[in-house]
Amino acid sequence: MPPAESQDWIPAEIDTEKPSAARIYDYLLGGGHNFKADRAIADQVLRVQPNIREIALRNRAFMRRAVRFMLDEGVRQFLDLGSGIPTVGNVHEIAQRRSAGARVVYVDAE
């Protein structure tokens, strides 16, 4: 996916020079909704903690397992608190792949 800077969808009030934890996480997961400032911080973190990308990917894998487990238990409504921005493999994608009627609400402060 091309970097987000090349997209026309960026709202005027978004400061693309200010890093965001959610966009840094998106970058670590291989998503395309991040900016140069986000990638620069992520690259600095990678130099200090080379496993951070693997940690992010494992965190996402846990979320997928947890959603599938809840679906197996009959849960069809999900509340994703602190979700940041939608990124690679969102809760609704995992849930609705198994149960088309599953509902997801995302909540974050940003």
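The structure is a predicted model, in which local features require pLDDT of at least 70 and side-chain atom pairs count only at pLDDT 80 or more, while totals for chains, interfaces and linings use all residues. Residues are numbered from 1 along each chain as its sequence is written, and side-chain values use heavy atoms, with hydrogens and water left out.

The chain contains 4 helices and 2 strands, where helices (H or I, at least four residues) and strands (E, at least two) are DSSP runs numbered from the N terminus. Along the sequence these elements follow the pattern α-α-α-β-α-β. The C-alpha atoms fill a box of roughly 45 × 35 × 25 Å along the principal axes. Of the 110 residues in the chain, 31% are buried; buried denotes under 20% relative accessible area, exposed over 50% and partly exposed in between, with a 1.4 Å probe and protein chains only. Among contacts (heavy atoms within 4.5 Å) with a separation of 6 or more, residues 24 or more positions apart account for 60%.

Helix H1 (residues 21–28) and helix H3 (residues 52–72) have axes that come within 9 Å and cross at roughly 95 degrees. Axes are lines fitted to C-alpha atoms, for helices over the stretch in contact, and angles run from 0 to 180 degrees between N-to-C directions. The two helices are therefore roughly perpendicular, given that angles of 65 to 115 degrees fall in this class, those under 35 count as roughly parallel, those over 145 as roughly antiparallel and the rest as oblique. Tyr25, Tyr27 and Leu28 of H1 meet Ile52, Arg53, Ala56, Asn59 and Arg60 of H3. By class, this contact comprises 5 nonpolar, 1 polar and 2 charged residues; Ala, Val, Leu, Ile, Met, Phe, Trp, Tyr, Cys and Pro count as nonpolar, Asp, Glu, Lys and Arg as charged, and the others, Gly among them, as polar. Arg53 lies over the face of Tyr27, at 5.3 Å from the ring centre, the criterion being NZ of Lys or CZ of Arg within 6 Å of the ring centre and within 35 degrees of the ring normal.

Ala22, Arg23, Ile24, Asp26 and Leu28 are the buried residues of H1, and they pack against helix H2 (36–48) and H3. Arg23 counts as buried because its relative accessibility is 11%. Beyond its neighbours within four places in sequence, Arg23 is in contact with Ile14, Asp15, Lys18, His33, Asn34, Phe35, Asp38 and Ile85. H1 is followed by Gly30, which has a positive phi near 90 degrees.

Asn90 is located in the loop between strand E1 (77–81) and helix H4 (91–98). With a relative accessibility of 7%, Asn90 also counts as buried. Apart from residues up to four places away in sequence, Asn90 touches Arg60, Met63 and Tyr106; Arg60 is also one of the H3 residues that meet H1.

Val107 belongs to strand E2 (residues 103–107) and, at 35% relative accessibility, counts as partly exposed. Its contacts, leaving aside neighbours within four places in sequence, are Leu79, Asp80, Leu81, Gly82 and Ser83. The C-alpha atoms of Val107 and Leu79 are separated by 7.5 Å, the two residues being 28 residues apart along the chain.
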